[in-house]
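Take a look at the model below. The text then walks through it step by step, starting from the charged side chains.

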Amino acid sequence: MSATDQQADRSEQVGSDVQVLATVWPYARPDAWAFALALVITPLVAGLSLLQPWLVKRAIDQHVVPGQSDGLASLGLTYLGAALGAYFCQVIYTVALSYGGSRTIMRLRSAIFRHVLSLSQRFFDGQPTGRLMTRITSDVDSLGDALSAGAVTIVLDVFMVVGVLGTMFWLQPGLTLLTLVMSPILIVAINLVRRSLRRLFIETREALAAVNAFIAERID
């Protein structure tokens, strides 16, 4: 595939993703506060998660290795507070995403159901039943999974990666730069895998729709 074809394919994918988000947004707008809450709490989750290994390092370097027990208990309590805080923030984050995603999918399912009932009999005569059922059920479920653990989770991953890299540069700049030498190769490999998985996912959805259509037509 040439560079021009890759750029066109990437532009088409981005346009398709934006179009899907624009279509789903009216159904997600009533619960936008839940997604906003998850987005706001994301830096706190990332910060508390990154704080824990730093506290362990400090405990080892300043107390365990030199054999100094003074202050170790307070450091342990700080670690416990960070772990509990990260846990509760993660719970709020997960519940907010699940709540917003499930209610969005509920509205989307209701709208699709009303739309299907409004279609004429001529439309159903030319469409396999199984394919329609797959589009209405499993495809919407996939969209719900993307809403519950997709967009905002990417933001959390970005905060985690930036935080880890920042901490690594702060502790060992030279070793961090040496580690990042392999990053271009990893980026290329991940991009290739992502493109392959995207294509295979689309083929899987189409194959599932065909199988369901075949079974539904034979049972009828």
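Which residues are linked in a network of salt bridges? They are Asp31, Arg103 and Arg107. Keep in mind that this is a predicted model.

Start with the background. Side chains of opposite charge can pair when their charged atoms come close. The structure holds three salt bridges. In one of them, Asp31 pairs with Arg103, and the closest N and O atoms are 2.9 Å apart. Asp31 sits in the loop between helix H1 (3-28) and H2, while Arg103 sits in helix H3, so this bridge ties together parts that are 72 residues apart in sequence. Asp31 also forms a salt bridge with Arg107, and here the closest N and O atoms are 2.6 Å apart. That pair again links distant parts of the chain: Asp31 is in the loop between H1 and H2, Arg107 is in helix H3, and 76 residues separate them.

Now consider burial. Asp31 has a relative accessible area of 3%, so it counts as buried, the cut-off being under 20%. Arg107 is buried as well. Arg103 has a relative accessibility of 29%, so it counts as partly exposed. The network of Asp31, Arg103 and Arg107 thus joins two buried residues, Asp31 and Arg107, to a partly exposed one, Arg103.

Another salt bridge is local. Asp61 pairs with Lys57, with the closest N and O atoms 2.9 Å apart. Both residues are in helix H2 and lie four residues apart, so about one helical turn separates them. Asp61 is partly exposed, because its relative accessibility is 41%. Lys57 is partly exposed too, at 36%.

Stay with helix H3, but move to Leu108. Leu108 belongs to this helix, which covers residues 72-118. Is Leu108 buried or exposed? Its relative accessible area is 10%, so Leu108 is buried. Which residues does Leu108 touch, leaving aside neighbours within four places in sequence? The contacts are Tyr27, Val140 and Leu143. Leu108 and Val24 are 84 residues apart in sequence, yet their C-alpha atoms are 7.7 Å apart in space.

Next come the rings. A search of the whole structure finds three aromatic pairs. One of them is Trp33 with Tyr99: the ring centres are 5.7 Å apart and the planes meet at 50°, so the pair is tilted. Tyr99 is partly exposed, because its relative accessibility is 35%. Tyr87 and Phe88 form another pair, with ring centres 5.5 Å apart and planes at 70°, so this one is edge-to-face. Tyr87 has a relative accessible area of 52%, so it is exposed.

Val95 is found in helix H3. At a relative accessible area of 51%, Val95 is exposed, because the cut-off is over 50%.

Step back to the whole chain. The protein has nine helices and zero strands. From the N terminus on, its elements run α-α-α-α-α-α-α-α-α. Of its 220 residues, 21% count as buried. The accessible surface comes to about 14700 Å², and 69% of that belongs to carbon and sulfur atoms. Among contacts with a separation of 6 or more, 83% are between residues 24 or more positions apart.

Finally, confidence. How much of the protein scores at least 70 in pLDDT? The share is 82% of the residues, and the average is 78. Confidence is highest in H3, at a mean of 87, and lowest in H1, at 58. Over residues 1-15 the pLDDT is below 50, and this stretch has six contacts in the model beyond near neighbours in sequence.

Note on methods. Residues numbered from 1 in each chain as written. Predicted model: local features only at pLDDT ≥ 70, side-chain atom pairs only at ≥ 80, totals over all residues. Heavy atoms only, no water. Helix = DSSP H or I, 4+ residues; strand = E, 2+ residues; numbered from the N terminus. Buried < 20%, exposed > 50% of the residue type's maximum accessible area, 1.4 Å probe, protein only. Contact = heavy atoms within 4.5 Å. Phe/Tyr/Trp six-rings, centres within 6.5 Å; stacked < 30°, edge-to-face > 60°. Salt bridge = Lys/Arg side-chain N within 4 Å of Asp/Glu carboxyl O. pLDDT = per-residue confidence, 0-100. Areas by Shrake-Rupley, 256 points an atom, 1.4 Å probe, with all protein chains shown as cover.
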